[in-house]
Amino acid sequence: MSKHRIINLLRNGQPEEEVTIQGWVRTKRESKKFAFMEVNDGSSLANLQVILEPELENYKIILSQINTGASVEVTGILAESPGKGQRIELHATAVTVYGEADPETYPLQKKRHSFEFLRTLGHIRTRTNTLGAVMRIRNTCANAVHQFFQQQGFLWVHTPIITTNDCEGAGELFNVTRFNLKDVPKENGEVDYSQDFFGRQAYLTVSGQLEAEAMALTFDRVYTFGPTFRAENSNTSRHLAEFWMIEPEMAFCDLQGDMDLAEAFLKHIFKAVLDQCPEDMEFFNQRIDDSVLTTANNIINQEFERITYTRAIELLENAPKTFEYSVEWGIDLQSEHERYLCEEYFQKPVIVTDYPSAIKAFYMRLNDDEKTVGAMDVLAPKIGEIIGGSQREERFDILEKRIKEAGMTPEQLWWYLDLRRYGTVPHAGFGLGFERLIQFMTGMGNIRDVIPFPRTPENAEF
Ligand code: ATP
Ligand code: MG
Ligand code: MG
Ligand code: MG
């Protein structure tokens, strides 16, 4: 007999249908006449209620085994549920317990655990309602990302994880070290691993952008969706050492086109999640942040505000509040500034453009004023920056000058400059941190709780 997923039974299961489910026990309740257990198989937030009657073979033994956390297979007959909150329930005709969970030591007891505590249980915390819902939303979003780009004719390209350049110039790099146990000196003797990607220095990538640009100059429209790494030693609620980045890159495109794509992209993703994960989104709205659904609907229905950096500074200088980090033209916007603009002033997502060149990466296109670059950041309520993008410098001479100003040499980036020598075109793209997106969408307060195994200064274990 093939097995059924609980989400399908809850949505479409019909009374008198015989079905088999497999999953993990969430709760068990015994009464004089029979017993109930709630089973979850990860497919949905809601559990399936299973009724066990004393006629069931090994009834007493099974009852002693189906504690919270145990894994079970149940075959039975669906029936309309007389109880509130569920349409259908399962009357068991056969139960197999695969693995018991000792109630004395099972770490996820019925009470609500704090997210801090759950972070110490990365291997098992996805069995809670909140982390389970996060994971389903991640899946739906990831799917919607590919769907959006594929529908528009973008090619998915795989950019390298090991690289020799620091694309963002922020110096937050993890060094790659060749480590071969055979090379370790037997008796004393030190080994220098600093340049040890086979004799040269290499890093884990902070962004696939430069390579994506090369691909866009063949395929016109490409995107990456892969892991990126930043040695951020900051313990903020929006930074991870390892996160997933989505980076579209378009040839024959300017900053305007880049902003249009970013806005259309976010609208598409939010719509997909509201359509496909209504129960999970409702859960976040009820239990985590009661503005989740309003925010999602606003993303879909409102046009984003678009302002220049210079205007943003004016608004911040005239804000009826003081900021911790003081405001003047030239500063990099901090999350308190970003949040003021979208939460208080405009009350919607804001795209800020044309930042000072001094605070942005070398590859962004210099504007005619020679002080600002064609950059754009998309700012979201509660989080701040979720997207950073720009039109790229396509002019050879200016790019060469900017590379030198940034303290690098044209030789280091010879191939990147080559792209400006042979068939260069205006082109643009952006980077979106996948976890920032999930955090924004679900209202979760800490980025560590929207990725299955967060990598932070404190944790690389699980
Ligand atoms: P921030 O100002 O928040 O440090 P950034 O300007 O350094 O971000 P970019 O280099 O512009 O980030 O990267 C593009 C996107 O990648 C950001 O808009 C954000 O969504 C995401 N991102 C950047 N750093 C991290 C990180 N450490 N953890 C998770 N997401 C990140
Ligand atoms: Mg940063
Ligand atoms: Mg930033
Ligand atoms: Mg940025």
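What percentage of the 462 residues in the protein chain is buried? I looked this up before anything else, bearing in mind that the model is predicted. Buried residues make up 37% of the chain.

**Entry 1: the whole chain**

I recorded 13 helices and 15 strands in the protein chain. I then noted the box filled by the C-alpha atoms, which is roughly 85 × 65 × 45 Å along the principal axes. Next I turned to contacts with a separation of 6 or more, and found that 67% of them join residues 24 or more positions apart.

**Entry 2: helix 4 and helix 6**

Two packed helices are described by the angle between their axes and the distance between the axes. I looked up both values for helix 4 (residues 129–151) and helix 6 (residues 255–276): the axes come within 9 Å and cross at roughly 135 degrees. Helix 4 and helix 6 are therefore oblique to each other. The crossing of helix 4 past helix 6 is right-handed.

I then listed the residues that make the contact. Helix 4 supplies I137, T140, C141, A144, V145 and F148, while helix 6 supplies F265, H268, I269, A272, V273 and Q276. Sorted by class, this contact holds nine nonpolar and three polar residues, and no charged ones.

**Entry 3: helix 4 and helix 7**

I repeated the search for helix 4 and helix 7 (residues 278–287), whose axes come within 10 Å and cross at roughly 130 degrees. Helix 4 is therefore oblique to helix 7. Helix 4 passes helix 7 in a left-handed crossing, whereas I had noted a right-handed one with helix 6.

From helix 4, the residues N129, A133, R136 and I137 meet D280, F283 and F284 of helix 7. I counted four nonpolar, one polar and two charged residues in this contact. I137 is also listed in the contact of helix 4 with helix 6.

**Entry 4: the shell around ligand 1**

Which residues come nearest to ligand 1? Of the 17 residues around the ligand, I found these to be H239, F243, G388, G431 and G433. The elements that give two or more residues to this shell are strand 10 (242–251), strand 14 (384–392), strand 15 (427–433) and helix 13 (434–442). Strand 14 gives the most, with four residues. By class, I recorded six nonpolar, four polar and seven charged residues in the shell.

**Entry 5: V97**

I located V97 in strand 5 (residues 88–99).

**Entry 6: F197**

Setting aside neighbours within four places in sequence, I noted contacts of F197 with I162, V176, R178 and A202. F197 and N175 are 22 residues apart in sequence, and their C-alpha atoms are 9.0 Å apart in space.

Definitions and conventions: Residues numbered from 1 in each chain as written. Chains lettered and ligands numbered in written order. Predicted model: local features only at pLDDT ≥ 70, side-chain atom pairs only at ≥ 80, totals over all residues. Axes fitted to C-alpha atoms, helices over the stretch in contact; angles between N-to-C directions. Parallel < 35°, antiparallel > 145°, perpendicular 65-115°, else oblique. Left-handed = near helix turned anticlockwise from the far one by under 90°. Contact = placed C-beta atoms within 7 Å. Nonpolar A, V, L, I, M, F, W, Y, C, P; charged D, E, K, R; others polar. Buried ≥ 20, exposed ≤ 12 C-beta atoms within 10 Å, placed from the backbone. Near = placed C-beta within 6 Å.
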